[in-house]
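Hi,

Here is the structure I said I would pass on. Have a look at it first, and my notes follow below.

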Amino acid sequence: MAHREADGALFATAVTKNGRRSHKNSRRGAALPYLFVAPAMALFSLLMLFPMAMVFRYSLMDGAILRPDSSFVGFRNFREIFSDEIFWQSLGQTLYFTIMSVVFHLLIGLTFALMLNSSRVHPMVRNVLRVLYILPWLFTAVIIAIIWRLILDPNGVINGYLIALNIIDFKVEWFSSPATAIHALTFVNIWAGYPLYMVSLLAGLQGIPKEYYEAARVDGANTVQNFFYITLPQLKPIITSIALLDFIWTMQVFPLVWMTTGGGPIHATEMLSTYTYKLAFTRYEFSLASASAIVIFVLSMCLTYFYIRHQRSTANA
Amino acid sequence: MRFNPLKSELLSSLAVYVGLAVGLIFATFPVVWMLFSSLKSNTEIFALPPRILPKVFTLTAYESIFSDPTKIRFFINSYFVSGMVAFLTLIVAILAAYGFSRYQFRYKKLFNVIIISTQTIPPITLLIPYFGMVVFFRIFDTYLALILTYMVFTLPYAILLMTGYINTLPKELDEAVLVDGGSSWTALWRVIVPLSVPGIVATAVYTFLLAWNEFLFALTLTKSMELRTVPIGIQLLMGQHAFEWNEMMAMSVLGSLPLLVLYLFAQRYFLAGMTAGSVKS
């Protein structure tokens, strides 16, 4: 998540080029900066550029990795993926899961940030609650999955409370019935992901100059107007960049799904990532899996393009 | 419309506090449930009606984890791999960050794009060629396979964080070393690095946690029990003893410990790493 500051950071010296210094550097030879960045670039070439070229190549071959005599087959793997109903179902479910997650992350994160920032809250209460509200963020996906499997177990505590309160009259199988599984999964992801928004928006709220609100008060604005005409526009750059990153990362979700439902029951929670993983490592169809992985990659890169453009525009503003 | 101002003030305060209380239950209940379930017996976890506090506190779940060398090994592996990833990432990142911060050179912009886009590449897309490469280089099921592949995801953040940090240090510091006859190399390690400790700590914390949490590569690129990390260990436990929930909750508590400790005792650095960039400074 380090981009905003750092993206600007890489270019900072380009702007403040200092004559004395660059003169000295140019005398020391052009090779020196490359020596400093060489180890990093070697790793990126070996572990990013080369593998990406490989997976593109695999996606155009048949029997990749497994057969030594595999040959190019053009876009056949893509045609096969695109004619698979489960692929489209996974894509739809991934989008549902991602959009719901991003929307509720934002709503909950913003609500919590506004409540914590409220002048009605005692500073000590605020500090304690801030730490507690961040808790879901401190757990790794596998642990989140297993906690919620226990809580949402048919004999678990949620069903226990819901039955005691007469809200339901049978034990709901949250993760293993096709009707509820995707919603349960989305709910868990919403729980796990809102703190990033909360922390960032809280910092954003504290950065809005107090004078804006004072001026608005003089003009007779009410709380609702304050929110829509001052708070929200001021937070917009933060919201856009976090929501885009969240969208990209949520779309790639794997461990949470793998550890709760495994994509089941009967593909009801299949995501593009689990679909691809199963193609590769349970069916050993590495060529098809590569084609599917390329689809995820292209989707991510389209969003990354918007993300980088947004970062540039706010960095220059 | 006329409101009684005092009454409406009170009502708003009440609304905020009710909202905060609901939020508190939403945020913490699962965590509380995990913690107390790890201290209950298996039958008590499923008691009806549900009880949050255990009737009988018991440490049997923790005892059984600490008496099982396989499970202890999961933790050792996770600490070792995450520590190595943090250490190696830092060295490579400090060098690169110094280059980016102090020099102009061709392709700088290209490198920048590579670094930023690496952060959004889907892990599953890289996993397939990694599997092929790891088998080809005969490092399947080794620490090396995990450490190298984790670095591709830790390096971008580390480089960006460190570049941002080194940019805040005045260039006159390096120049002073150069004037005294030192090289850029000595300027970096003798002056810049000691002054960058806060940035280094934030970067180390963040890369450690990324590695600690990793699941997909650990699942696919290792297979022997001796090399499994905590997330995979929990997954395996889930399959083997699906009914020993107290033990799985205890594993989860222990597996979350590094994050909780780092968060509580290095909150400043932790948040710096986790949110740098998403907040406009």
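Before the notes, one definition: I call two residues in contact if their C-beta atoms, placed from the backbone, lie within 7 Å. Helices here are DSSP runs (H or I, at least four residues; strands are E, at least two), numbered from the N terminus.

This is a predicted model, where local features need pLDDT of at least 70 and side-chain atom pairs count only at pLDDT 80 or more, while totals for chains, interfaces and linings use all residues. Residues are numbered from 1 along each chain as its sequence is written, and chains are lettered from A and ligands numbered from 1 in the order in which they are written.

On confidence: the model scores ipTM 0.86 and pTM 0.87. Where pLDDT is low, the predicted coordinates should not be read in detail.

Now the two chains. On the chain B side, 90 residues are in contact with 89 residues of chain A. Helix α1 (residues 5-37) of chain B gives the most to that side, with 14 residues. By class, the chain B side has 57 nonpolar, 30 polar and three charged residues (nonpolar: Ala, Val, Leu, Ile, Met, Phe, Trp, Tyr, Cys and Pro; charged: Asp, Glu, Lys and Arg; polar: the others, Gly among them).

Chain B is assigned domain 1 (5-37) and domain 2 (67-275), with bounds from an automatic or database domain assignment. Their C-alpha centres lie 36 Å apart.

Finally, a helix pair in chain B. The axes of α5 (residues 108-118) and α7 (residues 143-167) come within 8 Å and cross at roughly 125° (axes are lines fitted to C-alpha atoms, for helices over the stretch in contact, and angles run from 0 to 180 degrees between N-to-C directions). α5(B) and α7(B) are therefore oblique to each other (under 35 degrees is roughly parallel, over 145 roughly antiparallel, 65 to 115 roughly perpendicular, the rest oblique). Ile115(B), Ile116(B) and Thr118(B) of α5(B) meet Val152(B), Pro156(B), Ile159(B) and Leu160(B) of α7(B). That contact of α5(B) with α7(B) has six nonpolar, one polar and no charged residues.

Cheers
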